[in-house]
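Please keep the sequence and the structure at hand while reading.

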Amino acid sequence: MRPAAFITGITGMAVVAGLLLAGQARLGGGMAGEETMSAEETATAAADAAPEAGERATISDDRAEMIARSVEPKAPPSPAAPPSPDPGDGGAPKPADAPQQAETPAGATPSPAAKKAVELARPMADNAGILSFGKRRLQLAGIVPTPVDRICGPAGRQWPCGMMAKTALRLLLRSRSVSCDLETVEWKETVTTDCRLGTEDLGSWLAENGWAEPTAGSPLTSAAEKARQTGKGLYGDDPRRN
């Protein structure tokens, strides 16, 4: 009778241990999932682990691992790590999706208005170099306007070259429209610019024919020098005597 009483005692202790382990598993939150065993299953597993009368108390490694997993409390999820602060922002975290502002260049100044070709009707020649449109005037670029009262030629052979220069320009124009490079059609006083009659540049025409002298550094200097060497316009004789 002693062996039977001994085995019965061991079985009772195993059942009690299984119930205690099941209660601990319930308190630890380990009852969810396929790996969780109920109290009855734990008790049954413990009872199965107890040997019957005349058998040795043995348990397999797989069975022991299953029981250990069933009573092991699950670890709570670790909190997400906070974003690392940006040293340049005084320690405050910097959002990853913060929009970047485009830099605006400081001290930017608007570019001046570009000149465009403007057609002007019925120009009047004040002299060989200045055109008038009512009270507004345009001075041809690259030349020095020839005064109307200029006198050319040696003593005894002088002639009114300034008036002749103006007449030559008036005969070229014949009240036809010209195209001038201007920023605006509402200019005031006198503006210096390039003007053309068709494809003929008026300043170049006066310099090439000797009716006006070039300004310092003008691209028309070579054309005016050629006119002087060949005795054209201001550099020649009175054309009325030819």
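The points below take up the sheet, the nonpolar core and the disulfides in turn.

1. Basis of the model. This is a predicted model, in which local features need pLDDT of at least 70 and side-chain atom pairs count only at pLDDT 80 or more, while totals for chains, interfaces and linings use all residues. Residues are numbered from 1 along each chain as its sequence is written, and side-chain values use heavy atoms, with hydrogens and water left out.

2. The sheet. An open sheet is built from 4 strands in the order β1-β6-β8-β9, with antiparallel pairing. The edges are taken by β1 (116-120) and β9 (200-201), and because each has a single partner strand, one side of each is left without a neighbour in the sheet. Strands here are DSSP runs of E with at least two residues, helices are runs of H or I with at least four, and both are numbered from the N terminus; two strands pair if DSSP finds at least two bridges between them.

3. The largest nonpolar core. This core holds 32 residues, of which L120, L131, L138, V178, L202, L206 and W211 touch the most other members. Two or more residues each come from β1, β3 (130-133), β4 (136-140), α4 (161-173), β6, β8 (195-197) and α5 (202-208), and α4 gives the largest share, 6 residues. A nonpolar core is a set of buried Ala, Val, Leu, Ile, Met, Phe, Trp, Tyr and Cys residues joined through side-chain atoms within 4.5 Å, and buried means under 20% relative accessible area, with a 1.4 Å probe and protein chains only.

4. Surroundings of L138. Leaving aside residues up to four places away in sequence, L138 touches residues including L120, L131, F133, C180, W187 and C195, where contact means heavy atoms within 4.5 Å.

5. First disulfide. With a disulfide taken as a pair of cysteine sulfur atoms within 2.5 Å, the count comes to 2. C152 is joined to C161 with an S to S distance of 1.9 Å; this link is right-handed, with 70 degrees about the S-S bond, and both C152 and C161 are buried.

6. In sequence order, the bonded cysteines of the chain pair as 1-2, 3-4.

Terms used. Buried < 20%, exposed > 50% of the residue type's maximum accessible area, 1.4 Å probe, protein only.
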